[in-house]
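Welcome, and please take a look at the model below. A short tour of a few of its local features comes after it.

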Amino acid sequence: MEKEKEWFENWFDTSFYHILYDYRNDDEAKLFMNNLIGFLNLSQGDKILDLPCGKGRHSLFLNSQGFDATGADLSVNSIMHAKQFQKEGLSFEIHDMRNPLNGKYDSIFNLFTSFGYFNQESTNIKVLENFKNALNKNGHIVVDFLNLHKVVSTLIPEQVIRKKGVDFLIKKRVTESFIIKEIDVTNNGEVHHYMEKVQALDLKKMKQFAQAAGLEIQHVFGDYELNPFDAEISDRLILIMQ
Ligand SMILES: C[S@@+](CC[C@H](N)C(=O)[O-])C[C@H]1O[C@@H](n2cnc3c(N)ncnc32)[C@H](O)[C@@H]1O
């Protein structure tokens, strides 16, 4: 019997996901990447892995700035889309971040809440170990995660969002271990059910995972402008590890 798909194998492979999150766009990617390039003092030609890359918005911009970008993702549809942009210094491939990587990179970017998707906390350590093993000497890993405190304090339990003729009924709740978003999508009279289930991880937990993977968190930022992290007000929890 075929194994039932995990939530992240279903939801991110739909066009509905891309409609709902269309505000996470190229402008946001450009702002964040420009700030990271400056902060990390990246050199032209550096090899950067963007995992998971979705449709490749960060990889595309990195390539345009002279970096050798590889985007990888589990979503077949997203990678098929991204492959149309492949050229010198820009490639895309299907890869599950739970599995070891083949190449070596100067920087590895895990962006826009692409961490903590799994049922076991230990899988987070495995993912970080895979990144670490694929990192060149003096390279950096960047994990851009949500700020748990802010998510909890601003949580809207139920809302309806309408975009491009599609209705999204979104119900959010936080348990001890997970932030759960149930998403009912109504399109052309049909209702489809999806979910997002991200581990409720804070800075303390992230530090434990990094340490267990043999990494050190060197800098912590709170937004794409790279302002300092403040649990009360920051939109993001951005970790620079080495
Ligand atoms: C929130 S999206 C972020 C994508 C991209 N970083 C961006 O900023 O647009 C999360 C991505 O993780 C991918 N993903 C989920 N589980 C994965 C896994 N085990 N290995 C690789 N990619 C995965 C999804 O397909 C999706 O594209």
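Predicted model: local features only at pLDDT ≥ 70, side-chain atom pairs only at ≥ 80, totals over all residues.

Residues are numbered from 1 along each chain as its sequence is written, and side-chain values use heavy atoms, with hydrogens and water left out.

Let us start with the helices, which are DSSP runs of H or I of at least four residues, just as strands are runs of E of at least two, numbered from the N terminus. Helix α3 (residues 26-40) packs against helix α4 (residues 57-64) at an angle of about 55 degrees, and their axes are 9 Å apart. Among the α3 residues that meet α4 are Phe32, Met33 and Ile37, while the α4 side includes Phe61 and Leu62; contact here means heavy atoms within 4.5 Å.

Next comes the ligand, with 21 residues around it, of which Pro52, Arg57, Asp73, Asp96 and Met97 come nearest; a residue counts if one of its heavy atoms lies within 4 Å. The table gives polar contacts, meaning pairs of N or O atoms within 3.5 Å.

| Residue atom | Ligand atom | Distance |
|---|---|---|
| Arginine 57, side-chain N or O | oxygen | 2.8 Å |
| Aspartate 73, polar side-chain | oxygen | 2.6 Å |
| Leucine 74, polar backbone | nitrogen | 3.2 Å |

Proline 52 sits in the loop between β1 (47-50) and α4, and a cis peptide bond joins leucine 51 to proline 52, with omega about 0 degrees. Lysine 164, in the loop between β6 (158-163) and β7 (166-174), has a positive phi near 50 degrees in a residue other than glycine.

How values were computed: Axes fitted to C-alpha atoms, helices over the stretch in contact; angles between N-to-C directions. Polar contact = N/O pair within 3.5 Å; in protein donor to acceptor, adjacent residues only side chain to side chain.
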